[in-house]
Amino acid sequence: MDPKPIPAFYCCYLLRSKDMGRSFYIGSTPNPRRRLAQHNGKTNGGAFRTRRDIHRPWDMTCIVTGFPSNIAALQFEWAWQNFHTTKKIPHDQRLNKPREAGKRKKSNLSPTNGDEHKKRKKLKRPQLTLSNSLSNLHLLLRVPSFKRWPLAVRFLCSDVYTAWQKYSEENDSKLRDGFRVFRDFDDLAEPNVNPKLPASAVGEKKESPTMTILEKIDATYSGLKPHIAKSLALAAEMRIQHCSICQNLLDPETSMFLVCPSEQCSAAYHMACLARKWTENQQPTGFLLPVSGNCVQCSREHQWIDLVKEMSIRQRGGKDLAKLMKEPRKRKCKVTETSASSKDSSTNETADRPLNDLQDILEDSLMDVDFLVTDANDDPLPDGWQELLDDDDSMSVTSTESGIPSRNASPVQSKWQRQKLEIVIEDSEWDSAEALD
């Protein structure tokens, strides 16, 4: 199986019902906007627990991003959902203790030796609330299993962020230094809605506030395009020859090298050299992979996951890399400036004319038609010539041999037919032609 690049985006999320504020759901997805539409029934898909109409519509309150793979996101999702039984949380630090679901029934006897079968105790899951969801999220971000992951939390609702801040201030244990928390709801104006009314009573909106925020989150590789273009250009120009740390040769075709994302910096590193350099300056020590660090040349701070993700899509991208670096087609426009200016001037002149002038122009254009032009020597049209034109019998063809109108031909038609027959094109060289035997 071919190795795949690090996914562009993967997150775990916390849903809350708008009509029933005490109903919550935890899930994971590579596309939060699409997944929220599935939970709300706008598109096909969605979890079974979110399909009940009494819970819809759902609102996405916060998301956890920065997972290096979909497997990592699924591990974090399961630990967040089953915080009462997960082994990621030590037993002495567990906030919600598991409890048995009812009385234990008698076991059946084994048909071989008559011993009782030992049945596994079924534990009852605690009710998922906003307080225990945020408290266990805070705990999972501190445990050794997820502490060093390049995760970040993005809040989409102000009240959920307020509850998070309150718990963080009351708790003595803090998150690691440099952990990123974003407030995506700051640029969003809250609608003036009565909070006592359910969302269904307010009426459907064109776009929910959460959807507006999720549109701004980039779930593709487009943010890495300048970084990838720079790395490919440096490799093509043979400007990457030595590692900026160990000064040994660096082959762009065979080596797994990392490039500084700064535009003016041309530093390149072996992956092992940069990881060793950054882990030496971080506390506590003893870890193989760093979280972040400063470039040796430009001294700017960068995230380790950003550099590794760029290398993975550059070396393992395949079709995704070709699609990302493909330039969009430019539409050809054949309209010249002179034609466009003349068209605009004619349009403006017509628009500025009064209604009477436009009527005169229309009458003049109708008089220019051939069948309305009459000479002084022509016979006047008989009365009722409109009815003769509309009659089907008046459309019979005049005989070309005699030039005499047929029995059903109208006077108007015979006169027009004679005018057409009078137009004859003669060849001037035919009289001097020789007869062929």
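**Helix packing and sheet arrangement in the predicted model**

In α8, the residues M271, L274, A275 and W278 meet W304, L307 and M311 of α9. The residues that make up this contact comprise seven nonpolar, no polar and no charged ones. The structure described here is a predicted model. Helix α8 spans residues 271–280 and helix α9 spans residues 304–316; their axes lie 12 Å apart and form an angle of about 175°. Because angles over 145 degrees count as roughly antiparallel, α8 and α9 are therefore roughly antiparallel to each other.

An open sheet is formed by five strands, arranged in the order β2-β1-β3-β6-β7 with mixed pairing. The edge positions are taken by β2 (24–29) and β7 (180–183). Each of these two strands has a single partner strand, so one side of each is left without a neighbour in the sheet. On average, and with direction ignored, neighbouring strands of this sheet are turned by 20° against each other.

Within the sheet, strand β1 (residues 11–17) and strand β3 (residues 58–65) run antiparallel and are joined by seven bridges. C11 has T65 in β3 as its bridge partner. Helix α1 (residues 32–39) lies across β1, β2 and β3 and runs at about 35° to β1.

The confidence of the prediction was also considered. For the protein chain, the mean pLDDT is 77, and 65% of the residues reach 70 or more. Over residues 190–206 the pLDDT is below 50, and this stretch has ten contacts in the model beyond near neighbours in sequence. The pLDDT also stays under 50 over residues 392–437, for which the model has 32 contacts beyond four places in sequence.

Notes:
Residues numbered from 1 in each chain as written. Predicted model: local features only at pLDDT ≥ 70, side-chain atom pairs only at ≥ 80, totals over all residues. Heavy atoms only, no water. Axes fitted to C-alpha atoms, helices over the stretch in contact; angles between N-to-C directions. Helix = DSSP H or I, 4+ residues; strand = E, 2+ residues; numbered from the N terminus. Parallel < 35°, antiparallel > 145°, perpendicular 65-115°, else oblique. Contact = heavy atoms within 4.5 Å. Nonpolar A, V, L, I, M, F, W, Y, C, P; charged D, E, K, R; others polar. pLDDT = per-residue confidence, 0-100. Pairing = 2+ DSSP bridges.
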